[in-house]
Amino acid sequence: TRSDRDWSSDVCSSDLGGKQMIGVIFTGGTIGSSISDGYISTDPEMRYMLLKMYKESCGYDDFVTDAPCTILSENINCSDFVIIATAVHKMMLGNVEGIILTHGSDTIQYTASFLSCIEEFTHIPVMVVCSNYVLTDNRANGLRNFSVSVDFIRNKCGNGVFVPYTGRDGITKIYYGNTLLRHHIYSDEIYTVNDCCYGDYAEGGFSPSGQANPCKNKLFPVPAGHGIYSDVLILYPYPGMKYPDIKEYKAVILCTYHSGTICTSSEKLKEFMQNAVRYNIPVYLVGNGDGTDYESCRLYDGLGIKILKNITETTAYTELILQIN
C-alpha cells in the first residue's frame, strides 16, 4: 500500500505563486487526531502535522488558519454546524481564494450538506476534507485529500462545497457536498446519489466528469444561532417497524428502501401519520426517484406524506433544521 506522503507528491499545484491565500479551518476528526492509550482522540498538534506534511511534499505553506472547535465528528451537534459555518463565512471575508475544512468522516455528509445550503458558500471553493486513518498511519488518505483540495482551489476548478476522497482504488474523486449518502457500516468508502461525482484526480491532474449535480437544495443565509439538539426526526425502514411518539418534533423525514418504498400497509405507519396530521407536523419522504413506482407508493399522498425528489436525507435534514430553528 502506498503511503499518503507518496500519494500527495503528484498533485502539487502547478500555480503556487498567487497573492491570495488558502484558508484552512480545523475541526478535529480523525485527520486531527492521534492514538493514545489505545484510543483515537483529537490532538491539536496534528493540525500542524498536516500542514508540515504538505509543505514537505509540495513546498507550500501559505495558509491562513482557524480552529473554531476540536471534536470527534460523531460528537457534532446542531450548534456546531453554526459554529463551523460562521468560521467559514468569517474566513471568506478575508479574501481567501478557497477554504479547506478538516472534518471527521462519520458525519462529513451532514456538515457538507449544511454548508451546501448556505448561499454565501456557492461563490468560492469550500473543500471538506477527512482521513480514513490518523495521519501517521501509512494507510491514511488524509494528506492526499488535502493535497488535491489545494490543487483544486489554486487551479480554479470549481466553486461551491465539495468533498474530495481517495477510495481504495487510489483514485481521488471530488464529490458535490449535497450528494453524499450515509456510510455503510464497517466501511469508510464514500457513496453518493447515482454514484455522481464532479471529477477526479486519477492521473494527477483534475479531470471533470461532466456529470451535473443530480440533487437540488434550497439556499439560506449563514444562521445566527442554533441549539444543540434538532427538532427533526429521521426514520429508516425495516421489516416490522414501529413508529415513535411524534409530539416533540417539528418535522419528520422518512427514508425508503432502495426502490423508493416503505411498508405502507403498516397500521403503525397509519397511526403515526394520523398523529402527524393531528399535531400539524409535516412528514417528508426521501429516496423515491423518477422511475416507475411500486404499488405500495400509491398510498403516500393519501397518508399525507410529502415526497422530496432529488435530495438526500442528509440535505433534507439540514434544510429543515435551517428552516424551522
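The questions below concern helices, their contacts and a loop residue.

Visitor: What kind of model is this, and how are its residues numbered?

Guide: This is a predicted model, in which local features need pLDDT of at least 70, side-chain atom pairs count only at pLDDT 80 or more, and totals for chains, interfaces and linings use all residues. Side-chain values use heavy atoms, with hydrogens and water left out, and residues are numbered from 1 along each chain as its sequence is written.

Visitor: How many residues of α3 are buried?

Guide: Helices here are DSSP runs (H or I, at least four residues) and strands likewise (E, at least two), numbered from the N terminus. Helix α3 covers residues 78-92. Buried means under 20% relative accessible area, exposed over 50%, and partly exposed in between, with a 1.4 Å probe and protein chains only. By that rule α3 is mostly covered, and the buried count is 11 of its 15 residues.

Visitor: Which elements do the buried residues of α3 pack against?

Guide: The buried residues include Phe81, Val82, Ile84 and Ala85. Contact means heavy atoms within 4.5 Å. The partners are β1, β4, β5, α4, β6 and α8.

Visitor: Are α3 and α4 oblique or roughly parallel?

Guide: Axes are lines fitted to C-alpha atoms, for helices over the stretch in contact, and angles run from 0 to 180 degrees between N-to-C directions. The two axes come within 10 Å and cross at roughly 55 degrees. Angles under 35 degrees count as roughly parallel, over 145 as roughly antiparallel, 65 to 115 as roughly perpendicular and the rest as oblique. The pair α3 and α4 is therefore oblique.

Visitor: Which residues of α4 meet α3?

Guide: On the α3 side, the contact uses Phe81, Val82, Ile84 and Ala85. Their counterparts in α4 are Tyr110, Thr111, Phe114 and Leu115.

Visitor: How is α2 oriented relative to α5?

Guide: Helix α2 (residues 45-58) and helix α5 (residues 142-154) pack with axes 10 Å apart, at an angle of about 65 degrees. That angle makes the orientation of α2 to α5 roughly perpendicular.

Visitor: Is Lys218 buried or partly exposed?

Guide: Lys218 sits in the loop between β10 and β11. Its relative accessibility is 48%, so Lys218 counts as partly exposed.

Visitor: Which residues does Lys218 touch?

Guide: Residues up to four places away in sequence are not counted. With those set aside, the residues touched are Cys117, Glu319 and Gln323.

Definitions and conventions
The expected span of a helix is 1.5 Å times one less than its number of residues.
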